Amino acid sequence: MSITLPKVRVPYLLLFPGFAFLFTFFILPIVNLAQTSTQTPIAGGDTGQYEQTLAFSNYVNAFLDNREQFARSFIYATLATLFALAIAYPLAYAIAFKSGKFKNILLVLVVAPFFTSFLLRTIAWKQILGEEGFVVPTLRSLHLMGQQTTITSTSVAVVAGMTYNFLPFMTLPLYASLERIDPRTIEASGDLYANGLTTFRRVTVPLSLPGVVAGTLLTFIPAAGDYVNASILGSPNTKMIGNVIESRYFKIVDYPTAAALSFTLMAAILILVTLYIRKAGTEELV
Amino acid sequence: MSSKIKDATIPTIPFKARLSRWFGRNLLRIYMIFGFTYLFIPVAYTFAFSFNDSGKSNLIWKGFTLGNWQNPCGAPQICDALGNSIKIGFLATTFSTILGTMIAFAIGRYQFKGRSSSNLLIFLPMATPEIVLGASLLSLFLVFKINPGFWPTVIAHVMFCISFVVVTVKARIASLDPRLEQAAMDLYANELETFRRVTLPLVAPGIAGAALLAFSLSFDDFIITNFNSGTLITFPKFVYVAAARGIPAQANVIGSSMFFLALAIVIAGQLVNRKKAR
């Protein structure tokens with residue numbers, strides 16, 4: 001039911017300013033990025049001067065030179081998404097069903113760490129898990145870790161950092177969809193002699209799927225493009241595609257390659273996301 | 001009384017069984033404690049090290065001091081960076097909340113041609129990695145010979161905040177009971193009055209939530225800002241640059257203050273809501 005205004009123009013008037021803004025500062029830049037991605041350096045020009053030559057070879061070169069970083073980005077992002085799902089699901093479940101009157105407070109607490117700058121938290125992890133923190137010396141003295149092994153500067157640290165940083169993006173949609181489940185459906189399942197586990201598997205999980213889809217997307221997408229975790233917690237061996245794009249822009253001033261890489265990243269993510277939504281929408285994942 | 005009867009009817013449950021039953025019942029609660037501990041470790045660390053008498057590099061615990069809290073601007077540039085972040089945050093929040101709320105009402109309240117493509121246009125910026133948003137906007141500014149700096153950063157922040165505002169406000173609009181508006185109309189309120197006196201107050205918590213979200217996204221953003229701010233220093237940029245040589249404890253002071261401030265705002269909001277509900 002909506003308010004029926006006589007003019008059909010109203011929604012368009014409401015949309016116009018926002019969409020004009022998004023067209024200018026989102027769509028246009030993406031179109032421009034596509035153009036930049038096929039430019040080549042002007043012969044004899046300064047660094048950073050390029051001309052339009054429709055050099056689609058930029059894509060081939062950009063991809064071939066950075067296959068490893070591309071693969072790493074998608075593997076790290078997938079792992080971080082799976083870990084975040086594994087950690088967040090029981091947490092969201094507990095808040096939705098087992099927290100009683102503390103529900104709102106707990107929900108605030110899930111988002112609260114998010115308010116301390118995400119860089120500060122990442123650096124805090126680096127120091128906690130680093131050589132001078134208390135974790136590594138303790139593990140070493142207990143001989144649970146070799147004297148030469150470290151936690152920071154490894155891919156483990158990068159994936160752990162991403163898992164931690166994107167956890168609220170996973171928890172909130174999961175909570176939202178779990179909270180919406182009508183408790184009578186769960187009772188009904190019990191009345192039909194399903195035990196707790198069967199009820200969880202056949203009723204709760206399928207009903208929470210929209211939250212799973214939203215949460216995994218909200219985690220995977222920023223994780224795949226992230227370079228902050230990799231540069232703070234990682235080493236040159238854990239460089240992700242974001243690190244490459246960043247250095248192409250700022251250190252090497254190679255805009256076409258950076259643009260081609262950005263475009264490839266975006267296209268890859270959009271294709272994956274579309275496939276994923278289709279699959280999640282039509283088939284049951286369980 | 002009843003517990004005594006219970007004790008009488010089930011006289012001896014072996015300790016082990018009782019323990020495992022207790023665990024079975026409280027497993028999720030125990031898990032919650034671990035989960036929240038994990039979430040708060042770096043926050044607690046940041047807070048603790050804001051009291052570190054560390055000088056310039058806040059890496060190792062050197063002793064307790066209140067000096068950093070008494071002098072939060074003690075580190076060079078840190079308060080300029082903070083000021084910039086707050087200014088950008090306010091501007092980005094204002095513009096994105098206005099634009100996003102309008103879009104949310106259009107999509108949430110009207111059936112019109114192009115509604116599904118409108119939804120797509122809102123979804124796309126969220127499905128685009130930040131680095132692509134930042135890099136593409138920078139390319140555009142370079143084409144038009146606009147130097148990165150304060151306003152380009154504000155524009156960039158408005159751009160990525162709009163979608164989050166739309167999604168948040170739209171969810172609130174969708175959860176409204178349409179009968180409330182019908183009732184207002186039945187009581188001879190015209191459309192404008194209905195909107196102003198019924199719809200808007202009901203959607204207001206959603207708008208406030210969206211604004212808070214937009215501010216925290218803007219304030220905390222590093223990647224897009226890094227591309228579009230040029231030499232302007234924001235708080236996250238300050239932290240990132242300082243990280244290479246150890247961040248000053250004042251950064252921990254500011255990070256912790258933001259945490260407590262945001263917590264206070266959210267809790268105050270909840271209390272207001274509860275009062276209204278009563």
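**Close-up 1. Salt bridges in the predicted model.** A search through the whole structure turns up six salt bridges over all chains, a salt bridge being a side-chain nitrogen of Lys or Arg within 4 Å of a carboxyl oxygen of Asp or Glu. This is a predicted model, where local features need pLDDT of at least 70, side-chain atom pairs count only at pLDDT 80 or more, and totals for chains, interfaces and linings use all residues. Residues are numbered from 1 along each chain as its sequence is written, chains are lettered from A in the order in which they are written, and side-chain values use heavy atoms, with hydrogens and water left out.

**Close-up 2. A:Lys103 meets A:Glu179.** These two side chains form a salt bridge, 3.5 Å from N to O. The pair ties together distant parts of the chain, with A:Lys103 in helix H4 (residues 103-111) and A:Glu179 in helix H7, 76 residues apart. Helices here are DSSP runs of H or I, at least four residues long, numbered from the N terminus. A:Lys103 is partly exposed at 21% relative accessibility, and A:Glu179 is partly exposed at 38%. (Buried means under 20% relative accessible area, exposed over 50%, and partly exposed in between, using a 1.4 Å probe and protein chains only.)

**Close-up 3. Two other salt bridges in chain A.** A:Arg184 pairs with A:Asp182, their closest N and O atoms 2.8 Å apart. Here A:Arg184 is exposed at 57%, while A:Asp182 is partly exposed at 29%. In another pair, A:Arg248 meets A:Asp254 at 2.9 Å, N to O. A:Arg248 is partly exposed at 23%, but A:Asp254 counts as buried, with 15%.

**Close-up 4. Helix H7 of chain A and its kink.** H7 covers residues 155-179 and reaches 35 Å from its first C-alpha to its last, close to the 36 Å expected; that expected span is 1.5 Å times one less than the number of residues. There's a kink of about 50 degrees at A:Phe166, shortly before A:Pro168. The bend is the angle between axes fitted to the seven residues ending at a residue and the seven starting there. H7 is mostly covered, with 18 of its 25 residues buried.

**Close-up 5. Helix H2 of chain B.** B:Trp22 sits in H2, which runs over residues 15-48, and is partly exposed at 48%. B:Ala48 also belongs to H2 of chain B and is partly exposed at 33%.

Note on methods: Helix = DSSP H or I, 4+ residues; strand = E, 2+ residues; numbered from the N terminus.
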